Amino acid sequence: MLLESERHGDALVVRPKGAWCVENLAQIEAALAAVPRGAAARLLVDYSGIEKLDLSGAWLLHRWLDAGPEERVDQNDAPEHFAFIDDVLHQQPKEHVPPPEPRLTVREALAWIGRNTIWWLRQIRLSIAFLGRVAVNGVSALRSLHSLRVPSITRHVYETGIQAIPIVSLIAFLISVIVAYLGAQQLKLFGAEIFTVDLVAIAVLREMSPLLTAIIVAGRSGSAFAAEIGVMRLNDEIDALQSMGVNYFEVLVLPRLVGLVIALPLLTIIADAMGLAGGALLSSTLLDISLAQFLPRMQDALAPTTFWAGLVKTPVFALIIALVGTYRGMQVRESSRELGRLTTVAVVQSIFLVIFADAVFAVVFVELDF
Amino acid sequence: MSASPSPIISIRGVTNRFGRQLVHDRVDLDVYPGEVLGIVGGSGSGKSVLLKTMLGLHRPNDGEVRVEGRDITKMADAELLEVKRRYGVTFQHGALFSSFTVAENVQLPIREYFQASQATLDALTELRLRMVGLPIEAGSKLPSQLSGGMIKRAALARALALDPALLFLDEPTAGLDPIAAASFDELVSYLHRSLKLTIVMITHDLDTLIATCSRVAVLVDRKITVDTLAGIMNHPHPWIQEYFHGPRARAAQAAAQGK
């Protein structure tokens, strides 16, 4: 028991005992809460029982002693820490800041809706402004080779394109094997296994490989863009660039954009090849469609435009991924938590927008008979 | 100088090597209870490595580091944790957790070690903030909303969270304006006097050294030379002479004598 108390007429006698230190926080709390306050006129304090006291213990005791209406009378010398605490309190007189009460009124609700609306409108305005700046800087960068930053673009083509080849190839290969296998099982019911070739070729070239490649790249490079630029923001590197008069859109945003617009179509072509290879492999091993049969059948199945219908979408996907990644990176302010949050937002939004754009393309292509 | 016989930290024959570069060559250093020891040395002389060695964050290639008589270089992690609880550290740039408020930063070590209600934690935080001269409202702010001087104070408040007996300060006044630096020096001296803390600080600031430190350890040529401030100033080593008698040092000393 850390605190003993006794009533003597109008006085409450308290005797703190034992170790009052940060190790015993829970016991101190319980001991202080157990003693009733407010009934007595005087508080007689006997400090002689304290064996060990640190600043935290002294502070909690001091606060508790001064919290009630009673007059505090020290029976013997107060511990040394009390002098320090009095000194600290003296330097900065105690002010009471009442905690703001949470209110849920109609007015608050309306204000909340209003604030969010304005926030959303601001977000929309900011992203349009970002698009505009990218466009303006892009056009002006085309005028000279220097402002196009070729070495930087090359680096980004390497990082976002060449380094992604293994993972993109592997996934394209596996997915097309899965599609071919599922398709073959269903088509067998009609005795039309040969159409598996049509299915794989069209699905891979038109949809699977552009979409999958874009999603993988959004996860790999969209997050990298947001994180790289976000860390530069946190380190004031962007301010440093601006102070040197360097256009940071030209240095940071455009090379990533151009690099990805170059890299993504090339990656998609590799994914096309790997996907078709996966389909051919499955056809020859499971369906007895040899490569000699597979190739002519594929030639027949594909219209001249099928390959291009897939490929033409990829620069748009690249633009979306690069714009969202760099934009979210630029938005990082203040803390490392923001960095994590915005990197996540960048990936989720770019994947969503890529799929959305793909849906728009699908509708448009159907209308155009492409 | 009241050199008590049993040092709180005792470094013996510590050698630190990074690749082929020798940073510390069998250095010895004692820190006595209740003193303020300043560590100075040129950039790259291994001050921070020495500090990390004392904190148990870096294991030296050779030698022993005794904190309160126990060698931390040979300790198991659980035991080391017990030692770590006894000291507080502030880092050069504050190292406040940027996604927590100042109050949450201060409460983090307490929460980590002990059970306590939010009201008690708030009460303890209030004391820490008052001790370092921060307004209570600063507790609800994020580190990015604070000025440089306030960040240093908040970092000190967090270092004091567990009532340490030993305080390590890494460049406590770096990056502060002279007024903020002077008031931080005053704060450190005040806490040292009233709480009887033992303080080890790395500093480049001669004003801080003169204002707060009772002894000075100079890291030069991979060795440590320790003496009182007056003693070290008369040390014949050319680097030490240059450090304490160069143009900037003279100005700082003139200012100190003028007080």
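How many residues of chain A are in contact with residues of chain B, and how many of chain B take part? I looked this up before anything else, keeping in mind that this is a predicted model, and I found 26 residues of chain A in contact with 31 residues of chain B.

Entry on area. I read that the size of an interface is often given as the accessible area lost when the parts come together. For chain A and chain B I noted a buried area of about 2500 Å², of which 58% lies on carbon and sulfur atoms.

Entry on pairs. Between chain A and chain B I noted a count of three salt bridges, and I looked up the one that joins B:Lys196 to A:Glu80, where the closest N and O atoms are 3.4 Å apart. I also recorded nine residue pairs in polar contact across the interface of the two chains.

I then turned to a nonpolar surface patch of about 800 Å² on chain A, whose members include A:Phe352, A:Phe356 and A:Trp308. Helix α13(A) gives the most to this patch, with five residues, while A:Trp308 sits in helix α11 (residues 306–311) of chain A.

Definitions and conventions: Residues are numbered from 1 along each chain as its sequence is written. Chains are lettered from A and ligands numbered from 1 in the order in which they are written. This is a predicted model: local features need pLDDT of at least 70, side-chain atom pairs count only at pLDDT 80 or more; totals for chains, interfaces and linings use all residues. Side-chain values use heavy atoms; hydrogens and water are left out. Contact means heavy atoms within 4.5 Å. Buried area is the accessible area (1.4 Å probe) that two parts lose on being put together, summed over both. A salt bridge is a side-chain nitrogen of Lys or Arg within 4 Å of a carboxyl oxygen of Asp or Glu. A polar contact is a pair of N or O atoms within 3.5 Å; within protein, one must be able to donate a hydrogen and the other to accept it, and residues adjacent in sequence count only if both atoms are side-chain atoms. Patches are made of residues with over 30% relative accessible area and no salt bridge: like charges are joined within 9 Å, nonpolar side chains (Val, Leu, Ile, Met, Phe, Trp, Tyr) within 5 Å. Accessible areas come from the Shrake-Rupley method with a 1.4 Å probe; for residues, only the protein chains shown count as cover. Helices (H or I, at least four residues) and strands (E, at least two) are DSSP runs, numbered from the N terminus.
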